[in-house]
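Notebook open, structure loaded. I'll jot down what I look up as I go.

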Amino acid sequence: MNESSPSSLGGITLCFYGAGSMAEAILRGLIDAKLTNPSNVTVMNRQNAERLLQLQRQYGVIPAATDASKEDALRTSDVIILGMKPKDSANALISLKPLLRPDQLVVSLIAGLTIDTIQQLLGRPQPVVRTMPNTSSTIGLGATGICFSDAVTPEHRELALTMFNAVGLVAVVDEPLIAAVNGVSGSGPAYVYYLMEAMIDAGVKLGLTREAALQLTVQTVKGAAEMVQSTGENPGDLRRKVTSPNGTTEAAILTLDRFSFQEGMNQAIVRCVERANEMGEAIRDEAIKAQQA
Ligand SMILES: NC(=O)C1=CN([C@@H]2O[C@H](COP(=O)(O)OP(=O)(O)OC[C@H]3O[C@@H](n4cnc5c(N)ncnc54)[C@H](OP(=O)(O)O)[C@@H]3O)[C@@H](O)[C@H]2O)C=CC1
Ligand SMILES: O=C(O)[C@@H]1CCC=N1
């Protein structure tokens, strides 16, 4: 799935426009992988100056806290990474529009926001890479779906693949499938954490200490993921190997079926995709209003 790409970003400058948890996951992954020097990375947000100083202390990146330094970073950085919440993205792109040069690469992490809406808000066919990453990028185990606008050059494409390959696995998909990636892997860590919370709580109710229940659950989830990856067997076959006829696992799985586990997971992912599309439409409506104003 990973396309090959070079191992360093060289002197390419990156500006994280929005410096929250997803931005931190990626910048930390890039810096830990030594793909970039922290002095090539600027971080900015709307108002939380203490947050920028924390990122500076922790990773050595450059904070842009004043209006002048923000403008300067947005004007001069080779890559602008959009890391704000979807609801804040239209305003942020409107502010970015007068500052951008046509050759600067815009990389979006934003759920729902389409390439078309980004280009409408920027008023021109800027090179745009749309991604759907996840927070496991922090430890180099991210899973990112990625697609490209027509204006993206082969060099831009390679640069974006290098960035996201450095923080995990990358799947190049057609843009309409980014919402499906959101449903499976963008939001996916939360489903797994939710499952883990439920397993730990059940263990505690049955008398395990919270620490023991946590350790056993973590190792079980890690081991199961590793088993799928290292054996190449599909999860269904591996599940059947755990499930002895009329045994304990079968009793548990039948109970999950009684509570429509599979259907619940399917509906959750379908709803996640719908929500991504709803959020994208809300931003597109804002873009249309801004153009009419
Ligand atoms: N968290 C996740 O697991 C994933 C998130 N995403 C996407 O990543 C994006 C960010 O999510 P997340 O990191 O969780 O959000 P956070 O709330 O943690 O961070 C949002 C950041 O955006 C900043 N911001 C908001 N408006 C502006 C603006 N006008 N100019 C500059 N900075 C601004 C905020 O600054 P301040 O605090 O000063 O207001 C804050 O630093 C979202 O669009 C989300 O869809 C995608 C995949 C996974
Ligand atoms: O919950 C959200 O909207 C974001 C997008 C994917 C994960 N978190």
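Predicted model: local features only at pLDDT ≥ 70, side-chain atom pairs only at ≥ 80, totals over all residues.

Domains first. I find the chain split into domain 1 (14-178) and domain 2 (188-259). Taken over C-alpha atoms, the centres of domain 1 and domain 2 are 35 Å apart.

Next, the core. I looked up the largest nonpolar core and got 62 residues. Those with the most contacts inside it are Cys 15, Phe 16, Tyr 17, Val 43, Ile 80, Ile 81 and Leu 82. As a reminder, nonpolar side chains in soluble globular proteins tend to be buried together. I picked Tyr 17 and listed what it touches, leaving out residues up to four places away in sequence: Met 44, Leu 74, Ile 80, Ile 81, Leu 82, Gly 83, Met 84 and Ala 92.

Then helix α1. It runs over residues 21-32, which is 12 residues. From first C-alpha to last I have 16 Å, close to the 16 Å expected at 1.5 Å a residue. Which residues of α1 are buried? I get Met 22, Ala 23, Glu 24, Ala 25, Ile 26, Leu 27, Gly 29 and Leu 30. Glu 24 is in that list, so I checked it against the cut-off: buried here means 20 or more other C-beta atoms within 10 Å. What do the buried residues of α1 pack against? The strands are β1 (14-17), β2 (41-44), β4 (79-82) and β7 (142-148), and the helices are α2 (49-59) and α6 (154-165). Just after α1, I see Lys 34 with a positive phi of about 55°.

On to the ligands. I count 27 residues around ligand 1, and the closest are Gly 18, Gly 20, Met 22, Asn 45 and Ala 111. By type, the shell of ligand 1 divides into 13 nonpolar, 11 polar and three charged.

Ligand 2 has Ala 111, Asn 182, Gly 186 and Ser 187 around it. That shell has one nonpolar residue, three polar and no charged. Ala 111 turns up in the surroundings of ligand 1 and of ligand 2.

Why does Glu 233 count as partly exposed? Because it has 14 C-beta neighbours inside 10 Å. Not counting residues up to four places away in sequence, Glu 233 touches Val 228 and Leu 238.

Technical notes. Residues numbered from 1 in each chain as written. Chains lettered and ligands numbered in written order. Helix = DSSP H or I, 4+ residues; strand = E, 2+ residues; numbered from the N terminus. Expected span 1.5 Å × (residues − 1). Buried ≥ 20, exposed ≤ 12 C-beta atoms within 10 Å, placed from the backbone. Contact = placed C-beta atoms within 7 Å. Core = buried A, V, L, I, M, F, W, Y, C linked by C-beta atoms within 7 Å. Near = placed C-beta within 6 Å. Nonpolar A, V, L, I, M, F, W, Y, C, P; charged D, E, K, R; others polar. Domains from an automatic or database assignment.
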